[in-house]
Structures are given as C-alpha cells and as structure tokens.
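Trainee: Could we go through this one together, with the criterion behind each label spelled out?
Mentor: Gladly; here is the structure.

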Amino acid sequence: MHASLKHLAMAGVVLAALSACGGSSSSGFLPFLPFLPPAPAPAPPAPPPPATPGSVDVKLIAFNDLHGNLEPPKLSISAPATGGGTVPVPAGGAAYLASAIASLKAKNENNAVVSAGDMIGASPLVSALFLDESTIEAVNAMKIDFNAVGNHEFDKGQSELLRMKNGGCTKNTPLEPCRVNKAFPGANFGFLAANTVKTDGTTLFPATGIKTFTKDGATVKVAFIGMTLKGTPSIVTPAGVAGLSFKDEADTANALIPQLKAQGADAIVVVVHEGGTTTVGYNDKSCAGLSGDILPILNKLDTAVDIVISGHTHRSYVCDYGKTNPAKPFLLTSAGQYGTLLTDINLTIDTRTRKVTAKSADNVIVQGEAYTSGASTVALTDQYPTFGKNQEVAALISQYVAIAAPLVQRVVGTLSGPATRTQTGSKESVLGNLIADAQLAATSPAGKGAAQIAFMNPGGVRADLVPANDGSVTYGQIFTVQPFGNSLVVKTLTGAQIKAVLEQQFNSGANTVAAPKVLLPSRSLSYSYSLSAPAGSRITNLALNGTAMTDGASYRVTMNSFLATGGDNFTVFNQGTDTLGGDQDVDALEAYINANSPLTPPATDRITVLP
C-alpha cells in the first residue's frame, strides 16, 4: 500500500477507537499532538505583610517605700469583703513581692518595673545590720528597671549610696560592708535622680531612663523621670547631702520633657518620692480627700506627663487627678509601704498619634502568709489572690536571717503593755516619750555635763513596740524601732534657744502650723503651745521638773546625731555648745528597758495644747 494511504488507514483505526470510547472531535479530524510535559502550577500569592497595630499596650508595675522589709512586716491591708464590710489581708515580704511582680509581668511581656524611692534606709535589722546590701541583692532578683532615689537613700551619705548602685566593699560607715557577700555587686537596675545636683551641675545619677517596647513591628517608647522631694536636706542628716542641691520637682520634670520627646518618647512617667494622703481605701478610685505636698507638684507639671508614681507618705491611692484639676489629667498612684502592695498600671499607646489613649491602675495586695502579732492572728483569705515564695529571694533572705538571728532574738527586757507611735492631740506618742526618757537616762549620770532634757524626733520612730504575750521584747524589735544607728549628743543651750527650737516645730522649712513636726520630750520637760498665737510666740509655760525655765539660763540637752546637726530643719540645735558624744540610740533604749523591767510605758501628758 502506498505510504499515504497506509497513514490514512491508521488514522481511521484511531478515530474508530476513540469513537468507541466516547471520544469526539468537532472537526471529525484528530490533529497530530506531540507529547508535552505538564506546566508547573502557579506560585501561590505572597501573604500580605502583617498590619501595623494601631496601638500597643504597656504594663507598668510600681512599688515604693520598701525600706528593706525583706521579711513579712506583720501588716495587713483592710480590703472590701465579699458580701460587705472589710477583711484584713496579711501582706508583704520580699519573696512574695518578687512572685507578685513576676505574676503581673506574665500578663504582658511589654512591661517595666519601677520603685518610687526609699527602697533602703530606715530598715529592719536583717537589712540594716548589713548596710542594706541584702535588700539590693533581693531586688536584683526581682529584675526591676528603675529606682527613683528617696530621702532615706541618703541616710549614710552619697558615697555609701553610690556603693549601693555600683557595688564594692569600700567602708563608708562604722559598720563593716560585705559581711556576707564578699563581692557585693551593687544594683543591676538604674538609679534615677533628676533633681539631685552636684556642685559641678551634673546629677548624682541619671535623670531619666527610656524603655522601648515592640508589637508586630510597631515600636513605642516610655520615658521615666526619677526624683526625690526637694525638701530632702531638711529631713536628712546634713552630712548625708553635703555638696548636693535638690531642685524643684515640677520645674525639673518640665525641663526634661522636650528632650525626651525628641528621643521619641510616646509616654512620660514621673516617678517621684513625694506624695499625699486620702481619706479612702487602698484602691478606692474616688481618691477622696486627696491632700499633701504632691499637689503643688501636680499643678505645675506639664500636661505632657501621663503618669505620676509617688511615695514618701506611706499611703496607698489611685487617683484620676483630672477630677481634681481638669487641666492636669494625670493618673496618680502610690503603693503604700514595705512591699505590702504593688500598683498595676496599664497604658494604651496609639502608634499613629504617638499618644496615650487609655490608662488605668489597681493596687494589688501582696498576700503571702498569715502572721501573729501579740494576741492577734491575721489569717490568709481566699477573697484575694495569694502569691507563693520566690525561691531565689527566699534563700537569699534565709542566709541573712540565719546570720542575724542570735542578735535579733535576744530578749532585752519586758513591757507591761504596748508602746505605739500613735500621736495624741498634742502630737506626743507613748513610744516617742519612752525613747526620750531612755536617752535622758543614758546621758544624765551625776557629774559635769549631765543632761537635764532630751528630745526625740518623731520621724526617727519607725515601728510600734508590741511585747510578746509574756511581756518580752527583743533586740530585733527595738532595732526596728530605731534603725538609723544614730549616736546620742549632749549640748548646752539657753532657755531662749530651747524655746526657739520648739518654735521651729511650727514655722521652719517643712514644719508648719498645718503640719507641725513636734519633738517628743523627756519626762523632765513640760510646756504648752497654741497654734493660733503668732509665729515666735506659740511656746509658753516651759518648765524643767516643774520649775519655770528662764531665757538666760543654760541647760544640758540630749538629742540624736541627726537632730544635733540640724536634721528635720531644727537648725537652732546647731547653736548648742560644749558638745559631748554618747551611746548609740538603740543601745540606750535597750539599757533603759532592761534596767526598768517590767517597764510601764509613759503617759502622753508633757505637752498641753492651748486655744
């Protein structure tokens, strides 16, 4: 067969086969189809880039006035109870505080933890005996960011404060440093001191700190301005702040805001060791009755400030200050004292406007363990969260407690009842008067220069003295009452100078008629005062053991070394002559209790308030 006919015949066979299988062709002709590999599948479209979030939430966690309270301070927070009324919630303890901080951190990875001052100083023995190194190490384990230094950070002078930050074992005080940790590391968090200025014009510590947070490609920055109160020199031993000046808080913050904004700060937080008081509970958002030295600062602050975290007064509050002053819509907070509370602050920052669009705060009780004080027991309650111990912090504290235990637990004597710091209408307190009596007893043995009068400053009385059920009190308790390590000083002052000192209670520096700082006198002294009398004429009826004192006569007067150099703005004490040094204040208190056990706490009848 011809080749072309052969090919046609084969095509016919194929068509027939296709027709039998249901195949078809619109033309009735099957073209020649060469073999081709299948085309690759098209690539899936690239996913769109994640949308930049419109806002970023940031959590701030704050506390203040820890004062080296590593062990639970045996304090409770009166909190609203289920069904009405209140329930006491046991609070505090550094190991529990560390766990509470970690718990809040876990709720938002974009967080910062700050302290508003007085982290150290005026501390219980387990911290103070070791120059507060134990507290710095415990807070290191909490992984905080910044501490705005308070007035008590200066109790032992700026050299010792610098050692707290930078570490090392240089001896700056009578106590030996590095008794436990021979390589004390110092703080692993920032100290801020924007208004503490050296003679060369620089600040003792950095003025500010910035922390950056990211979320899905968006970045926001929160700036912190840290300060102590400008009145620090009037409440700290002058030697502790020598060469330093303390500038106005609001002026300092306002001057820093433009440069922080230039660095990209989206939120401004002022952390200041100054505060106020309210007449409501620890977390009552009404902030009713807000008063105190924080108000003039708030009223001068630039409205670019978003949050003011405060301290110093040992009070707890959460305030929308815009309700008090609509022109100053700050959120104002304070977490009380001694690590019993944490403030949980939440910010929402708009990533387009670069502004805070929402802010709120709650004070969280650091409930850890039940405690017994005297005959009273405060149990844990399931109405509020309980935090476990952070084991690293607990182990650290246990080490220091074990070393201090023999001294802490030593019984020094007995009391017939509690001696408290509670002030009467005359501003006296049982414990303040007791301490003044103890200091007089320690400095009035017969002989040349024997003291006739003693004065105690109320701010130096740091805790109540409550005996155990058998009446006993321990060295650890009296050390907690007087933790500063002041020595006693005896000076000669005239009757006119003593009267001038007492006038300074109402009209000198931070001491005012509205907020007087009344010295606690020994039992040998009595006098009257009238707040309605003109300045300089408020003190009358000065008497020594019942005999009227005269302006020109000389008297021997005991005070602690803090007052002796003009502390608390009692500058007239600097005019005293014939100075003699004496025992440590805590040793004088121990000797007095021991010699008079069982000691009956004194009455508060040494000062009379006149109309």
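Trainee: Let's start with Cys319: why does it count as buried?

Mentor: Its relative accessibility is 1%, and buried means under 20% relative accessible area, with exposed over 50% and partly exposed in between (1.4 Å probe, protein chains only). Cys319 therefore falls in the buried class. Keep in mind that this is a predicted model, where local features need pLDDT of at least 70 and side-chain atom pairs count only at pLDDT 80 or more, while totals for chains, interfaces and linings use all residues. Residues are numbered from 1 along each chain as its sequence is written, and side-chain values use heavy atoms, leaving out hydrogens and water.

Trainee: What makes Cys287 and Cys319 a disulfide?

Mentor: A disulfide is a pair of cysteine sulfur atoms within 2.5 Å, and here the S to S distance is 1.4 Å. Cys287 lies in the loop between strand S11 (267–273) and helix H7 (294–300), and Cys319 in strand S13 (residues 316–320), so the bond ties together parts 32 residues apart in sequence. Those names come from DSSP runs numbered from the N terminus: helices are H or I with at least four residues, strands E with at least two. Cys287, at 9% relative accessibility, also counts as buried.

Trainee: Which other cysteines are joined, and why is their disulfide called left-handed?

Mentor: Cys169 and Cys178 are joined, S to S 1.9 Å. The torsion about their S-S bond is about -100°, so the disulfide is left-handed. Cys169 has a relative accessible area of 34%, which makes it partly exposed, whereas Cys178 is buried at 3%.

Trainee: What makes helix H9 roughly perpendicular to helix H13?

Mentor: H9 (residues 430–443) and H13 (residues 585–595) pack at about 90°, with axes 8 Å apart. Axes are lines fitted to C-alpha atoms, for helices over the stretch in contact, and angles run from 0 to 180 degrees between N-to-C directions. Under 35 degrees counts as roughly parallel, over 145 as roughly antiparallel, 65 to 115 as roughly perpendicular and the rest as oblique, so H9 is roughly perpendicular to H13.

Trainee: Which residues of H13 make that contact?

Mentor: Asp585, Ala588, Leu589 and Tyr592 do, facing residues of H9 that include Leu434 and Ala438; contact means heavy atoms within 4.5 Å. Asp585 is also touched by Gly485, which sits in the loop between helix H10 (475–481) and strand S22 (487–494).

Trainee: What makes helix H4 mostly covered?

Mentor: Ten of the ten residues of H4 (residues 133–142) are buried. The covering elements include helix H2 (94–105) and helix H8 (391–408). After H4 comes Lys143, with a positive phi near 55°.

Trainee: And why are S28 and S31 edge strands?

Mentor: Four strands form an open sheet in the order S28-S27-S26-S31, with mixed pairing. S28 (547–548) and S31 (607–610) each have a single partner strand, so one side of each lacks a neighbour in the sheet.

Trainee: How do you know that S27 and S28 pair?

Mentor: Two strands pair if DSSP finds at least two bridges between them. Two bridges join S27 (residues 539–544) to S28, antiparallel, and Ala548 of S28 is the bridge partner of Ala543. By that criterion S27 and S28 pair.

Conventions: Lists of a residue's contacts leave out its neighbours within four places in sequence.
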